[in-house]
Amino acid sequence: MIYALTDKDKHLVKESWRLVEAGSLMETATKIFYDRLFETNPELRTLFPEDLEGQIKKLANTINFSVKALSWKLEEWNEGGIILEESDLFVIVRSLGRRHTRLYQVTAPMYQPVGNALLFALDMGLGEAFTTETKLAWTKLYVLLSNTMKMGGIMKTAEDLATQIQEEAK
Ligand code: HEM
């Protein structure tokens with residue numbers, strides 16, 4: 001199976017997300033997402049703030065961000081080149097991954113249950129509109145983002161390397 005997102009996949013993700021937003025399903029879907037995540041993986045509860053109220057917006061932002069990422073051109077996923085560091089989206093997603101590892105104590109195996117809970121919430125929220133094809137399209141997007149984030153989580157930054165070199169040169 002090819003895991004690159006086709007134009008059709010991008011369209012399916014955007015359309016289904018539009019339905020969530022248009023049908024005011026956001027709050028319901030978010031609640032289903034967290035209920036499911038903490039039911040299947042109660043050990044993840046402590047990573048998140050006590051009050052999940054604010055998380056609703058965060059999850060929505062996260063998905064909006066992912067859906068927006070679908071419009072990025074392939075070249076924009078490339079590192080370096082003519083793209084400035086601040087606008088290099090590959091760098092941005094890696095930084096997001098680095099914050100997850102370093103600040104939020106997220107580990108690589110945690111991406112799986114979060115992905116499952118996301119698909120579950122979309123399925124519950126969208127019902128029949130969440131077709132097999134749409135589900136595959138969301139899966140591809142999640143795999144792309146989470147793999148890039150995991151990469152950011154394990155990579156040493158330029159700052160890390162500079163500090164290391166300076167330390168060793170002492
Ligand atoms: C594709 C996958 C994911 C995306 C796009 C994503 C996105 C985000 C974003 C945009 C934030 C807001 C803060 C920031 O920008 O640094 C955030 C916060 C957070 N995420 Fe994720 N996330 C993903 C996967 C995960 C996973 C697998 C976990 C582990 C359970 C997780 C746990 C958290 C936690 C604990 C916070 C901070 C919550 C807080 O303290 O308010 N995320 N995420």
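This is a predicted model: local features need pLDDT of at least 70, side-chain atom pairs count only at pLDDT 80 or more; totals for chains, interfaces and linings use all residues.
**Entry 1: α1 and α5.** I looked up how helix α1, residues 7-22, sits against helix α5, residues 111-126. Their axes come within 11 Å and cross at roughly 65°. I noted the hand of this crossing as left-handed. On the α1 side I listed Ser16, Leu19 and Val20, which meet Leu122, Gly125 and Leu126 of α5. Sorted by class, the residues of this contact are four nonpolar and two polar, with no charged ones.

**Entry 2: α1 and α6.** I then turned to α1 and α6, whose axes come within 8 Å and cross at roughly 100°. From α1, the residues Asp9, Leu12, Val13 and Ser16 take part, and they meet Glu133, Thr134, Ala137, Trp138, Lys140 and Leu141 in α6. I put the classes at five nonpolar, two polar and three charged residues. Ser16 of α1 is listed in this contact and also in the one with α5.

**Entry 3: the ligand shell.** Which residues are closest to the ligand? I found 21 residues around the ligand, with Leu47, Thr62, Tyr104, Val114 and Leu145 the closest. Helices α3 (53-69), α4 (89-102), α5 and α6 (132-154) each give two or more residues to the shell. Which element gives the largest share? I recorded α3, with five residues. By class, I have the shell as 14 nonpolar, five polar and two charged residues.

Technical notes:
Residues are numbered from 1 along each chain as its sequence is written. Axes are lines fitted to C-alpha atoms, for helices over the stretch in contact, and angles run from 0 to 180 degrees between N-to-C directions. Helices (H or I, at least four residues) and strands (E, at least two) are DSSP runs, numbered from the N terminus. A crossing is left-handed if the near helix is turned anticlockwise from the far one by less than a right angle, and right-handed if clockwise. Two residues are in contact if their C-beta atoms, placed from the backbone, lie within 7 Å. Ala, Val, Leu, Ile, Met, Phe, Trp, Tyr, Cys and Pro count as nonpolar, Asp, Glu, Lys and Arg as charged, and the others, Gly among them, as polar. A residue is near a molecule or strand if its C-beta atom, placed from the backbone, lies within 6 Å of it.
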